[in-house]
Amino acid sequence: MSKKPLNVGLVGGGRGAFIAHPHQKAIHFDGTRRVVAGALFPDPKIALEEAANWPYPIKGYGSYDEMIAANKDLPEDQKLDYVLIVTPNFVHYDPAMKAMKAGIAVFCEKPLCLNLKEANDLVRTSRRLNIPFGVAHTYLGHWTSRLSRYIVRSGLLGEVRWVDSYYIQGWLATKLEATGQQQASWRVDPKRAGGSGCGGDIGTHALMQLRYVTGLDVTQVSAQMETYVEGRQLDDHFTIYCKLSNGGKALVRASQICIGYKNDLGIAISGTKGTLRWRQEEPESITIHLANQPDRVYWRGAVTPGDGFLPKDMPADLMAEPTIPSGHPEAFHDAFARLHRCFEADVRKWKAGEKFNIDGSKYASVEDGWMGIAFIETCVKSSAKRGAWTAMPKKV
Ligand SMILES: NC(=O)c1ccc[n+]([C@@H]2O[C@H](COP(=O)([O-])OP(=O)(O)OC[C@H]3O[C@@H](n4cnc5c(N)ncnc54)[C@H](O)[C@@H]3O)[C@@H](O)[C@H]2O)c1
């Protein structure tokens, strides 16, 4: 018998929303998850209208409070298995807490929330209630990120000395927010975005990519957070020199004012034996440089274990991860689908009363989300002291 699809409820997604749509497509990728409900807009009337106009039937609610409260009275097969929170940053904490307290798993957009106090609460609550909680760091979902993680963490590049992890955009090079553009407006407002604009929005992705691939933590930062566009309150250019937990160093940098750049997220990791390079705008391959050898290019789905660099015994779960044949390009939506697919597996275990272990190996955990917020707060402190080396807080 085929599996009953998991039921997902959206928080956000109405009227011109951006990221709700890649997510809702990715939820439907495998036929094992479906969006069944939504609280799509802050105004209840518009929220219901938006739900009625959704491209397939969903149950609309006037608010996420209503959607979460209604869940307990629904027949078992209609109950939500998880909520997906795709609202601006200031509307992450409240629905996430309420969903967890109502016994609903949470998949939340990044950055996790507005500040460390909220992040502490979210981590502690998910642990106390033993509720699955994932954070949507999209780029971990590329198969090539999985492969990079394996290569670096298994020591094939030697000891990591230096990492350059970056996310460069140009869309906020002018005062776009003054035109009322939806995505720009809340991202430059400290009340709705948090303590950092560019750093919180995309610097957290660069940090997550570094931590995911290398397994290293940032221990201290020397931060320069700058604002190029006049009158903007938050940073639009974010350059952070970092000390890493193994004694190596890194640059985590992000910008939204580099005209012509689109979503240039990438990472270069240099170890004592070689360098790995990857860019999300060309996410189907990674390049490996070893001293005095020709460059090696590894394509998703087309690696050969035991080729003289990769060992014979590559991890079974990496090699078996569902994908389409190499050469049929995967990209952003596929990465999201891989995250939802892995989250689904943990939600199913949790619902069956089995042990689930969200260790950040398949998608970002709430602890990873916490680390993003801790990083931002530490950068803000360092930048205010003209880049003085500042230690990250202790893990919660
Ligand atoms: N993972 C990624 O690659 C990625 C990419 C873009 C955005 N994001 C994150 O996703 C989140 C949303 O960003 P976006 O660009 O899609 O924003 P957006 O402004 O396009 O969409 C936000 C949606 O939330 C809705 N909303 C706001 N308050 C609400 C409330 N109280 N109840 C119900 N709905 C409400 C809005 O109506 C809108 O539908 C942000 O946290 C952002 O950082 C992540």
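**View 1. Helix α7 leads the shell around the ligand.** With four residues, α7 gives the most to this shell. Both α7 (182-187) and α9 (198-214) supply at least two shell residues each. Helices are DSSP runs of H or I with at least four residues, and strands are runs of E with at least two; both are numbered from the N terminus. The model is predicted: local features need pLDDT of at least 70, side-chain atom pairs count only at pLDDT 80 or more, and totals for chains, interfaces and linings use all residues. Residues are numbered from 1 along each chain as its sequence is written, and side-chain values use heavy atoms, with hydrogens and water left out.

**View 2. The ligand is surrounded by 30 residues.** Gly14, Asn89, Lys110, Thr138 and Gln183 are the closest. A residue counts as near if one of its heavy atoms lies within 4 Å. By class, the shell holds 15 nonpolar, eleven polar and four charged residues. Here Ala, Val, Leu, Ile, Met, Phe, Trp, Tyr, Cys and Pro are nonpolar, Asp, Glu, Lys and Arg are charged, and the others, Gly among them, are polar.

View 3. A polar backbone atom of glycine 13 is 3.0 Å from a ligand oxygen. For phenylalanine 18, a backbone N or O atom lies 2.9 Å from an oxygen of the ligand. Isoleucine 19 also places a polar backbone atom 2.9 Å from a ligand oxygen. The protein covers 93% of the 850 Å² of accessible area that the ligand has on its own (Shrake-Rupley method, 1.4 Å probe). A polar contact is a pair of N or O atoms within 3.5 Å.

**View 4. Seven strands form an open, mixed sheet.** The order is β3-β2-β1-β4-β5-β6-β15. At the edges, β3 (59-60) and β15 (364-365) each pair on one side only. Two strands pair if DSSP finds at least two bridges between them. Strands β5 (residues 105-108) and β6 (residues 133-135) run parallel, joined by three bridges. Valine 106 stands opposite phenylalanine 133 in β6.

**View 5. Nine strands form another open sheet with mixed pairing.** Its order is β14-β13-β12-β11-β7-β10-β9-β8-β16. The edge strands β14 (296-299) and β16 (390-391) have a single partner strand each, so one side of each is left without a neighbour in the sheet. Strand β8 (residues 218-226) pairs with β16 in the antiparallel sense over two bridges. Glutamine 220 has alanine 391 in β16 as its bridge partner.

Terms used. A polar contact is a pair of N or O atoms within 3.5 Å; within protein, one must be able to donate a hydrogen and the other to accept it, and residues adjacent in sequence count only if both atoms are side-chain atoms.
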